[in-house]
Amino acid sequence: MLIKEKIHQAAQALTDCGLDCWITFTRETEINGDSILPFLVPGPLTWHSAFIITPDGRARAIVGRYDRAAVEETGAYDEVYDFVTSFREPFLACLRAIDPARIAVNYSEDSEICDGLTHGMFLTLQGLLGELGMADRLVSAEFIVAALRERKSAGELASMREAIRQAQEVFQLVQGQLVPGRTEQEIAAFMQAEVRRRGLAFAWHPDTCPSVFTGPDTAEAHYSPTARAVEPGHLVTMDFGVRVDGYCSDLQRTFYVARPGETALPEAVRHGFDTLRQAIEAAKATLKPGVRGLDADTAARQTILAAGYEEYPFGLGHQVGRFAHDGTALLGPAWAKYASKPFKPLEGGMVFTIEPRLSVPGHGIVSIEEMVVITATGAEWLSDPQLELPLLASVV
(Lines give C-alpha, C1' and ligand atoms only; values in the text may rest on other atoms or scores of the structure.)
Protein backbone atom coordinates (compact mmCIF):
# COMPACT_ATOMS: atom_id res chain seq x y z
CA MET A 1 0.00 0.00 0.00
CA LEU A 2 2.76 2.48 0.92
CA ILE A 3 4.63 1.93 -2.37
CA LYS A 4 1.46 2.47 -4.42
CA GLU A 5 0.66 5.64 -2.46
CA LYS A 6 4.13 7.04 -2.97
CA ILE A 7 4.28 6.26 -6.68
CA HIS A 8 0.96 8.09 -7.06
CA GLN A 9 2.42 11.04 -5.11
CA ALA A 10 5.54 10.98 -7.28
CA ALA A 11 3.47 11.27 -10.46
CA GLN A 12 1.63 14.24 -8.99
CA ALA A 13 4.91 15.86 -7.92
CA LEU A 14 6.29 15.45 -11.45
CA THR A 15 3.23 17.25 -12.76
CA ASP A 16 3.56 19.97 -10.11
CA CYS A 17 7.16 20.77 -11.07
CA GLY A 18 6.83 20.22 -14.82
CA LEU A 19 9.32 17.34 -15.12
CA ASP A 20 8.98 14.45 -17.54
CA CYS A 21 10.57 11.54 -15.73
CA TRP A 22 12.02 10.59 -12.32
CA ILE A 23 14.70 7.90 -12.07
CA THR A 24 15.98 6.32 -8.86
CA PHE A 25 19.18 4.49 -9.82
CA THR A 26 20.97 2.26 -7.32
CA ARG A 27 22.88 -0.96 -6.59
CA GLU A 28 23.93 -3.05 -3.55
CA THR A 29 21.40 -1.20 -1.46
CA GLU A 30 22.29 -2.76 1.88
CA ILE A 31 25.72 -1.16 1.57
CA ASN A 32 24.90 2.22 0.07
CA GLY A 33 21.19 2.42 -0.65
CA ASP A 34 19.20 5.55 -1.42
CA SER A 35 16.99 6.50 1.56
CA ILE A 36 13.98 6.87 -0.77
CA LEU A 37 13.97 3.13 -1.57
CA PRO A 38 11.44 2.02 1.09
CA PHE A 39 8.90 4.11 -0.84
CA LEU A 40 9.67 2.22 -4.06
CA VAL A 41 10.68 -1.36 -3.30
CA PRO A 42 9.96 -3.84 -0.46
CA GLY A 43 13.52 -4.98 0.22
CA PRO A 44 17.21 -4.77 -0.68
CA LEU A 45 18.55 -4.89 -4.24
CA THR A 46 21.85 -6.27 -5.50
CA TRP A 47 22.52 -5.46 -9.13
CA HIS A 48 22.06 -2.14 -10.92
CA SER A 49 18.39 -1.18 -10.61
CA ALA A 50 16.26 1.70 -11.84
CA PHE A 51 12.75 2.82 -10.90
CA ILE A 52 11.28 5.13 -13.52
CA ILE A 53 8.09 7.14 -12.95
CA THR A 54 6.38 9.53 -15.37
CA PRO A 55 3.68 12.19 -14.82
CA ASP A 56 0.99 9.97 -16.35
CA GLY A 57 1.38 7.68 -13.34
CA ARG A 58 3.16 4.87 -15.18
CA ALA A 59 5.86 3.17 -13.14
CA ARG A 60 8.61 1.00 -14.61
CA ALA A 61 11.27 -1.04 -12.82
CA ILE A 62 14.48 -2.54 -14.17
CA VAL A 63 16.08 -4.98 -11.73
CA GLY A 64 18.23 -8.08 -11.58
CA ARG A 65 16.46 -11.37 -12.30
CA TYR A 66 16.28 -12.48 -8.69
CA ASP A 67 14.75 -9.18 -7.53
CA ARG A 68 11.93 -9.26 -10.09
CA ALA A 69 9.41 -11.32 -8.13
CA ALA A 70 9.52 -9.09 -5.05
CA VAL A 71 9.03 -5.95 -7.15
CA GLU A 72 6.16 -7.47 -9.15
CA GLU A 73 4.40 -8.59 -5.96
CA THR A 74 3.98 -4.97 -4.87
CA GLY A 75 1.46 -4.50 -7.67
CA ALA A 76 2.75 -0.95 -8.00
CA TYR A 77 4.63 -1.25 -11.31
CA ASP A 78 3.11 -1.30 -14.76
CA GLU A 79 6.22 -2.88 -16.27
CA VAL A 80 9.03 -4.82 -14.61
CA TYR A 81 12.08 -5.78 -16.67
CA ASP A 82 14.86 -8.04 -15.48
CA PHE A 83 18.35 -8.81 -16.74
CA VAL A 84 21.22 -11.21 -16.18
CA THR A 85 24.25 -10.01 -18.11
CA SER A 86 23.64 -6.29 -18.68
CA PHE A 87 21.42 -3.52 -17.30
CA ARG A 88 22.16 -1.39 -20.35
CA GLU A 89 19.80 -2.84 -22.94
CA PRO A 90 16.48 -2.74 -21.02
CA PHE A 91 17.35 0.67 -19.56
CA LEU A 92 18.14 2.27 -22.91
CA ALA A 93 15.03 0.76 -24.48
CA CYS A 94 12.86 2.16 -21.72
CA LEU A 95 14.31 5.68 -21.91
CA ARG A 96 14.17 5.67 -25.70
CA ALA A 97 10.45 4.92 -25.53
CA ILE A 98 9.77 7.69 -22.99
CA ASP A 99 12.10 10.28 -24.57
CA PRO A 100 11.87 12.70 -21.62
CA ALA A 101 12.99 16.31 -22.09
CA ARG A 102 14.04 16.64 -18.41
CA ILE A 103 15.03 13.70 -16.22
CA ALA A 104 15.01 14.13 -12.43
CA VAL A 105 17.57 12.12 -10.44
CA ASN A 106 18.33 12.02 -6.73
CA TYR A 107 21.01 14.60 -6.06
CA SER A 108 20.83 17.82 -4.05
CA GLU A 109 23.27 20.44 -2.80
CA ASP A 110 20.99 21.64 -0.01
CA SER A 111 19.27 18.51 1.31
CA GLU A 112 20.95 15.35 2.58
CA ILE A 113 17.63 13.51 2.42
CA CYS A 114 17.40 14.09 -1.36
CA ASP A 115 21.03 13.26 -2.18
CA GLY A 116 20.85 9.48 -2.53
CA LEU A 117 22.53 9.05 -5.92
CA THR A 118 26.24 8.34 -5.47
CA HIS A 119 28.76 10.11 -7.69
CA GLY A 120 29.81 6.85 -9.31
CA MET A 121 26.24 5.96 -10.21
CA PHE A 122 25.68 9.49 -11.51
CA LEU A 123 28.63 9.03 -13.87
CA THR A 124 27.29 5.65 -14.96
CA LEU A 125 23.89 7.19 -15.65
CA GLN A 126 25.44 10.04 -17.62
CA GLY A 127 27.31 7.53 -19.75
CA LEU A 128 24.20 5.49 -20.50
CA LEU A 129 22.09 8.52 -21.31
CA GLY A 130 24.91 9.87 -23.46
CA GLU A 131 24.32 6.98 -25.85
CA LEU A 132 20.82 8.40 -26.39
CA GLY A 133 21.91 12.03 -26.53
CA MET A 134 20.16 12.65 -23.20
CA ALA A 135 23.09 13.24 -20.83
CA ASP A 136 22.35 16.97 -20.68
CA ARG A 137 18.74 16.39 -19.58
CA LEU A 138 19.53 15.52 -15.94
CA VAL A 139 18.16 17.79 -13.20
CA SER A 140 17.79 17.48 -9.42
CA ALA A 141 14.83 15.47 -8.12
CA GLU A 142 14.89 17.35 -4.81
CA PHE A 143 11.30 18.57 -5.19
CA ILE A 144 9.99 15.06 -5.91
CA VAL A 145 11.93 13.26 -3.18
CA ALA A 146 11.03 15.95 -0.67
CA ALA A 147 7.35 15.70 -1.59
CA LEU A 148 7.30 11.95 -1.01
CA ARG A 149 8.94 12.31 2.38
CA GLU A 150 6.92 15.34 3.46
CA ARG A 151 3.37 14.72 2.26
CA LYS A 152 2.32 12.22 4.89
CA SER A 153 -0.53 9.88 4.05
CA ALA A 154 -3.18 8.84 6.55
CA GLY A 155 -1.37 5.54 7.05
CA GLU A 156 1.95 7.22 7.71
CA LEU A 157 0.37 9.57 10.23
CA ALA A 158 -1.31 6.64 12.00
CA SER A 159 2.08 4.96 12.48
CA MET A 160 3.60 8.19 13.77
CA ARG A 161 0.73 8.75 16.22
CA GLU A 162 1.35 5.28 17.62
CA ALA A 163 5.10 5.92 17.89
CA ILE A 164 4.31 9.12 19.79
CA ARG A 165 1.85 7.37 22.09
CA GLN A 166 4.37 4.68 22.95
CA ALA A 167 7.12 7.22 23.68
CA GLN A 168 4.82 9.26 25.90
CA GLU A 169 3.94 6.16 27.91
CA VAL A 170 7.63 5.48 28.51
CA PHE A 171 8.08 9.08 29.68
CA GLN A 172 5.29 8.52 32.20
CA LEU A 173 6.90 5.35 33.50
CA VAL A 174 10.40 6.79 33.84
CA GLN A 175 9.30 9.50 36.26
CA GLY A 176 9.54 6.97 39.08
CA GLN A 177 13.25 6.54 38.29
CA LEU A 178 14.09 10.24 38.68
CA VAL A 179 15.33 10.22 42.26
CA PRO A 180 18.56 11.46 43.85
CA GLY A 181 21.42 9.06 43.29
CA ARG A 182 20.04 7.56 40.07
CA THR A 183 22.47 8.09 37.20
CA GLU A 184 21.77 9.20 33.65
CA GLN A 185 22.93 5.78 32.48
CA GLU A 186 20.53 3.98 34.84
CA ILE A 187 17.62 6.14 33.72
CA ALA A 188 18.43 5.47 30.05
CA ALA A 189 18.77 1.73 30.71
CA PHE A 190 15.28 1.68 32.25
CA MET A 191 13.80 3.38 29.20
CA GLN A 192 15.65 1.13 26.75
CA ALA A 193 14.51 -1.98 28.61
CA GLU A 194 10.92 -0.76 28.30
CA VAL A 195 11.34 -0.18 24.56
CA ARG A 196 12.64 -3.71 24.10
CA ARG A 197 9.89 -5.15 26.32
CA ARG A 198 7.32 -3.56 24.03
CA GLY A 199 9.02 -4.97 20.93
CA LEU A 200 9.72 -1.51 19.52
CA ALA A 201 12.70 -0.05 17.67
CA PHE A 202 14.60 3.09 18.62
CA ALA A 203 14.04 6.22 16.55
CA TRP A 204 17.82 6.75 16.29
CA HIS A 205 20.96 5.02 17.54
CA PRO A 206 20.50 3.71 21.10
CA ASP A 207 23.82 5.23 22.18
CA THR A 208 21.88 8.50 22.45
CA CYS A 209 18.26 7.29 22.47
CA PRO A 210 17.44 8.36 25.04
CA SER A 211 19.77 11.22 25.82
CA VAL A 212 19.50 12.09 29.52
CA PHE A 213 20.83 15.29 31.11
CA THR A 214 20.59 16.05 34.82
CA GLY A 215 21.49 19.36 36.44
CA PRO A 216 23.61 22.25 35.18
CA ASP A 217 26.74 22.16 33.01
CA THR A 218 25.82 19.17 30.86
CA ALA A 219 26.40 18.56 27.15
CA GLU A 220 22.70 19.54 26.68
CA ALA A 221 22.10 17.52 23.48
CA HIS A 222 23.32 14.68 21.20
CA TYR A 223 25.41 13.03 23.92
CA SER A 224 25.33 9.62 25.55
CA PRO A 225 24.06 9.28 29.13
CA THR A 226 26.83 9.52 31.73
CA ALA A 227 27.46 8.32 35.29
CA ARG A 228 26.32 11.71 36.58
CA ALA A 229 23.66 11.26 39.29
CA VAL A 230 20.42 13.12 39.85
CA GLU A 231 20.53 15.55 42.76
CA PRO A 232 17.81 17.54 44.54
CA GLY A 233 17.23 20.81 42.68
CA HIS A 234 18.12 19.31 39.32
CA LEU A 235 16.18 19.72 36.14
CA VAL A 236 16.26 16.38 34.29
CA THR A 237 15.74 16.51 30.51
CA MET A 238 15.36 13.54 28.15
CA ASP A 239 15.37 13.33 24.34
CA PHE A 240 13.72 10.11 23.17
CA GLY A 241 11.73 8.45 20.41
CA VAL A 242 10.67 5.08 19.07
CA ARG A 243 9.90 3.69 15.62
CA VAL A 244 6.60 1.99 14.69
CA ASP A 245 6.11 0.46 11.22
CA GLY A 246 9.23 2.31 10.10
CA TYR A 247 8.04 5.75 11.34
CA CYS A 248 9.51 7.76 14.19
CA SER A 249 8.57 9.86 17.16
CA ASP A 250 11.00 12.44 18.57
CA LEU A 251 10.09 14.07 21.89
CA GLN A 252 11.78 15.82 24.80
CA ARG A 253 10.44 16.15 28.33
CA THR A 254 11.77 17.96 31.39
CA PHE A 255 11.20 17.20 35.10
CA TYR A 256 12.23 18.91 38.33
CA VAL A 257 13.50 16.98 41.36
CA ALA A 258 12.56 18.83 44.54
CA ARG A 259 14.92 19.80 47.28
CA PRO A 260 13.97 18.55 50.77
CA GLY A 261 10.95 20.50 51.99
CA GLU A 262 10.32 22.09 48.59
CA THR A 263 6.61 22.07 47.73
CA ALA A 264 6.63 24.37 44.71
CA LEU A 265 8.89 25.01 41.76
CA PRO A 266 11.61 27.63 42.34
CA GLU A 267 10.62 30.89 40.66
CA ALA A 268 13.56 30.75 38.22
CA VAL A 269 12.56 27.25 37.14
CA ARG A 270 8.89 28.18 36.83
CA HIS A 271 9.72 31.27 34.76
CA GLY A 272 11.98 29.26 32.45
CA PHE A 273 9.33 26.60 31.87
CA ASP A 274 6.57 29.15 31.28
CA THR A 275 8.76 31.04 28.80
CA LEU A 276 9.45 27.85 26.88
CA ARG A 277 5.74 27.02 26.69
CA GLN A 278 5.00 30.52 25.42
CA ALA A 279 7.70 30.15 22.76
CA ILE A 280 6.23 26.83 21.59
CA GLU A 281 2.72 28.27 21.40
CA ALA A 282 3.96 31.36 19.54
CA ALA A 283 5.68 29.16 16.96
CA LYS A 284 2.70 26.83 16.52
CA ALA A 285 0.40 29.81 15.95
CA THR A 286 2.39 30.80 12.85
CA LEU A 287 2.26 27.37 11.19
CA LYS A 288 0.07 26.89 8.13
CA PRO A 289 0.57 26.06 4.45
CA GLY A 290 2.52 28.70 2.56
CA VAL A 291 4.40 30.26 5.48
CA ARG A 292 8.14 29.82 5.90
CA GLY A 293 9.80 27.85 8.66
CA LEU A 294 11.85 30.97 9.32
CA ASP A 295 8.72 32.72 10.58
CA ALA A 296 8.00 30.05 13.21
CA ASP A 297 11.60 30.10 14.40
CA THR A 298 11.53 33.89 14.67
CA ALA A 299 8.37 33.82 16.79
CA ALA A 300 9.88 31.38 19.28
CA ARG A 301 13.31 32.98 19.30
CA GLN A 302 11.93 36.46 19.97
CA THR A 303 9.78 35.15 22.83
CA ILE A 304 12.82 33.67 24.56
CA LEU A 305 15.01 36.72 23.96
CA ALA A 306 12.29 39.06 25.23
CA ALA A 307 12.16 37.10 28.48
CA GLY A 308 15.87 37.71 29.05
CA TYR A 309 17.32 34.36 28.01
CA GLU A 310 20.03 33.63 25.46
CA GLU A 311 18.78 32.36 22.11
CA TYR A 312 19.03 28.65 21.43
CA PRO A 313 21.95 27.83 19.08
CA PHE A 314 20.03 25.65 16.60
CA GLY A 315 16.88 25.55 14.49
CA LEU A 316 13.53 25.45 16.27
CA GLY A 317 12.26 22.28 14.64
CA HIS A 318 12.86 19.65 11.99
CA GLN A 319 10.63 17.30 10.08
CA VAL A 320 10.07 13.72 11.24
CA GLY A 321 9.16 10.68 9.19
CA ARG A 322 11.04 7.46 8.52
CA PHE A 323 13.97 9.18 10.22
CA ALA A 324 13.92 11.40 13.28
CA HIS A 325 15.38 14.12 11.02
CA ASP A 326 13.53 13.96 7.72
CA GLY A 327 12.39 16.20 4.87
CA THR A 328 13.81 19.44 3.52
CA ALA A 329 11.81 22.33 5.03
CA LEU A 330 13.08 23.46 8.45
CA LEU A 331 11.74 25.67 11.23
CA GLY A 332 15.01 27.54 11.53
CA PRO A 333 16.90 30.83 11.28
CA ALA A 334 18.52 32.24 8.16
CA TRP A 335 21.94 30.80 8.96
CA ALA A 336 24.35 29.68 6.24
CA LYS A 337 24.45 26.07 7.43
CA TYR A 338 20.70 25.70 6.84
CA ALA A 339 20.91 26.95 3.22
CA SER A 340 17.43 27.31 1.72
CA LYS A 341 15.62 25.05 4.19
CA PRO A 342 14.11 27.81 6.41
CA PHE A 343 12.68 29.58 3.35
CA LYS A 344 10.76 26.65 1.89
CA PRO A 345 6.96 27.19 2.04
CA LEU A 346 5.25 24.72 4.37
CA GLU A 347 2.72 22.20 3.03
CA GLY A 348 -0.13 20.26 4.52
CA GLY A 349 0.94 16.83 5.75
CA MET A 350 4.40 17.93 6.93
CA VAL A 351 5.25 16.76 10.45
CA PHE A 352 7.56 18.95 12.54
CA THR A 353 9.09 19.08 15.97
CA ILE A 354 8.99 22.31 17.96
CA GLU A 355 11.90 22.21 20.40
CA PRO A 356 13.26 25.43 21.88
CA ARG A 357 15.58 25.24 24.88
CA LEU A 358 16.85 27.54 27.61
CA SER A 359 19.14 27.31 30.61
CA VAL A 360 18.15 27.97 34.23
CA PRO A 361 21.36 28.74 36.17
CA GLY A 362 22.05 26.34 39.01
CA HIS A 363 19.34 23.88 37.93
CA GLY A 364 19.98 22.80 34.33
CA ILE A 365 18.19 22.85 31.01
CA VAL A 366 14.49 23.24 30.27
CA SER A 367 13.78 21.58 26.94
CA ILE A 368 10.44 20.50 25.55
CA GLU A 369 10.01 18.90 22.14
CA GLU A 370 6.51 18.54 20.74
CA MET A 371 5.33 17.19 17.39
CA VAL A 372 2.77 18.80 15.09
CA VAL A 373 1.31 18.16 11.64
CA ILE A 374 0.55 20.97 9.22
CA THR A 375 -3.14 20.99 8.24
CA ALA A 376 -5.07 22.92 5.61
CA THR A 377 -5.62 25.82 8.00
CA GLY A 378 -2.88 25.64 10.64
CA ALA A 379 -1.14 23.00 12.74
CA GLU A 380 -2.44 20.19 14.93
CA TRP A 381 -0.72 18.64 17.93
CA LEU A 382 0.40 15.06 17.40
CA SER A 383 1.99 14.80 20.84
CA ASP A 384 0.15 15.60 24.08
CA PRO A 385 1.82 18.91 25.00
CA GLN A 386 3.74 19.08 28.26
CA LEU A 387 1.80 21.88 29.93
CA GLU A 388 3.19 21.48 33.44
CA LEU A 389 6.65 20.82 34.86
CA PRO A 390 6.34 17.88 37.26
CA LEU A 391 7.69 18.50 40.76
CA LEU A 392 9.10 15.10 41.69
CA ALA A 393 9.59 14.16 45.32
CA SER A 394 13.16 14.00 46.58
CA VAL A 395 13.08 10.33 47.57
CA VAL A 396 16.36 8.51 48.13
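## Overall shape

With 396 residues, a compact globule would have a radius of gyration near 21 Å, and the 24 Å of this chain agrees with that (taken over C-alpha atoms, with the globule rule being 2.2 Å times the number of residues to the power 0.38). The C-alpha atoms fill a box of roughly 80 × 40 × 35 Å along the principal axes.

This is a predicted model, in which local features need pLDDT of at least 70, side-chain atom pairs count only at pLDDT 80 or more, and totals for chains, interfaces and linings use all residues. Residues are numbered from 1 along each chain as its sequence is written, and side-chain values use heavy atoms, leaving out hydrogens and water.

## Helices, strands and burial

The chain has 10 helices and 20 strands (DSSP runs numbered from the N terminus: helices are H or I with at least four residues, strands E with at least two). Of the 396 residues, 55% are buried, that is, under 20% relative accessible area with a 1.4 Å probe, protein chains only.

## A look at helix α9

Helix α9 covers residues 267–286 and reaches 29 Å from its first C-alpha to its last, close to the 28 Å expected (1.5 Å times one less than its number of residues). Its buried residues include V269, F273, R277 and I280.

You can find E370 in strand β18, residues 370–374. E370 counts as buried because its relative accessibility is 0%. Beyond its neighbours within four places in sequence, E370 is in contact (heavy atoms within 4.5 Å) with residues including R253, R277, I280 and W381. Among these, R277 and I280 are also buried residues of α9.

Terms used:
Buried means under 20% relative accessible area, exposed over 50%, partly exposed in between (1.4 Å probe, protein chains only).
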